[in-house]
Amino acid sequence: MFAPPYGAPDGLLHRLRGAAAGRWDAYCWHPFVQQLAEGSLPLPAFRRYLTQDWLFLIQFARAKALAAFKAESLEALRGKASSLNALLAEMQMHLGYCAEWGLAEADVLAELEAPQTVAYTRWVLDRGMAGDILDLEVALAPCTIGYGEIALRIAAHPRRRRQGNPYETWIETYASPGYQALARGAAERLDRLGETHGGTARFASLSATFSEAARLEADFWQMGLDAAS
């Protein structure tokens, strides 16, 4: 199994990832991701993904705000506030990126949420409302940490295409030192919360949450592929 540099070897993230290995690999090395790496992904698939990802980010920002509300300390609250502000800035850049692919801001904002987008984002918010900060962080982890791992898997892919790959800027975003540091920080925070919030005693429940999030992520990729068929 691919081993990214996130989290402690005996930490909560590694345990969650190991328990959900099948679903995790199906998400992180989905055919959508492989085709991104090889530059062969059909444009309609990527355009569908981009518009739905914008709608996803709106709900993701709400989940970040919920995490700030549930933060376990003043330091954590400040960290979550900073993370939310960074995400809101990223959303503006996302609209600019959409424009590079012929997607006007008005078109993106007018797009309806796909069933897969609704299913994933509302499920994350539900987990956050029903549980504590650790439940919410585990539900969010496959997105934040998974995209970092996906970029590393792409970099290691023997058929990785760099020159002339239309998706190179997307890949570079998540392979960048800044995003990789973000993914490592999220993993370290998850491990700490596992220690302070009874992660071992609650592992069965947390593992089910992590596994379901990975499945919903894979469904999100598939939604993009289905748009090209």
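**Cavities, pockets and helix packing in a predicted model**

F56, Q59, F60, A63, T121, V124 and L125 line the largest cavity. A cavity here is a set of points, on a 1 Å grid over the protein atoms alone, where a 1.4 Å probe fits but cannot get out, and lining residues have an atom within 4 Å of a point. This is a predicted model, in which local features need pLDDT of at least 70 and side-chain atom pairs count only at pLDDT 80 or more, while totals for chains, interfaces and linings use all residues. Residues are numbered from 1 along each chain as its sequence is written, and side-chain values use heavy atoms, with hydrogens and water left out.

I stay with this cavity for a moment. Its volume is about 40 Å³, where a volume is the space filled by probe spheres set on the points, and grid points are joined across faces, edges and corners. Two elements, α4 and α7 (115-130), each give two or more residues to the lining of the largest cavity. Helices are DSSP runs of H or I with at least four residues, numbered from the N terminus. The largest share of this lining, four residues, is from α4. By class, the lining has five nonpolar, two polar and no charged residues. For these classes, Ala, Val, Leu, Ile, Met, Phe, Trp, Tyr, Cys and Pro count as nonpolar, Asp, Glu, Lys and Arg as charged, and the others, Gly among them, as polar.

How many cavities of 30 Å³ or more does a search of the whole structure find? The search finds two. The second largest cavity has a volume of about 30 Å³ and is lined by P4, Y6, L13, H14, R17 and E149. Here α1 gives the most, with three residues. The lining of the second largest cavity divides into three nonpolar, one polar and two charged residues.

I turn now to the pockets. A pocket is an open set of grid points with protein on both sides within 12 Å along at least five of seven lines. The largest pocket has a volume of about 1100 Å³. Its lining comprises 40 residues, and K64, S83, T144, Y179 and L182 are those that lie nearest its centre. The elements giving two or more residues to this lining are α4, α5, α8 (133-156), α9 (168-175) and α10 (177-196). Which element supplies the largest share of the lining of the largest pocket? That element is α5, with eleven residues. By class, the lining of the largest pocket has 23 nonpolar, eight polar and nine charged residues.

The second largest pocket has a volume of about 150 Å³. A8, D10, G11, L12, R15, D191, G194, E195, G199 and T200 form its lining. Two or more of these residues come from each of α1 (12-19) and α10, and the largest share, three residues, comes from α10. In this lining there are two nonpolar, four polar and four charged residues.

Finally, I consider how the helices pack. Helix α4 (residues 43-69) and helix α5 (residues 74-100) pack at an angle of about 165°, with their axes 9 Å apart. Axes are lines fitted to C-alpha atoms, for helices over the stretch in contact, and angles run from 0 to 180 degrees between N-to-C directions. The two helices are therefore roughly antiparallel to each other; angles over 145 degrees count as roughly antiparallel, under 35 as roughly parallel, 65 to 115 as roughly perpendicular and the rest as oblique. The contact (heavy atoms within 4.5 Å) includes F46, L50, D53 and W54 of α4 and L77, K80, S83 and L84 of α5. By class, this contact has 18 nonpolar, two polar and three charged residues.

Helix α4 also packs with helix α11 (residues 203-226), at an angle of about 140° and with the axes 7 Å apart. That angle makes α4 oblique to α11. The contact is made by A45, R48, Y49, Q52, D53 and F56 of α4 and F220, W221, M223, G224 and L225 of α11. Its residues divide into seven nonpolar, two polar and two charged.

The last pair is helix α2 (residues 21-28) and α11, which pack at an angle of about 25° with their axes 8 Å apart. Helices α2 and α11 are therefore roughly parallel to each other. On the α2 side, the contact is made by R23, W24, A26 and Y27; on the α11 side, the residues include F210, S211, E212 and W221. The contact of α2 with α11 has seven nonpolar, one polar and four charged residues.
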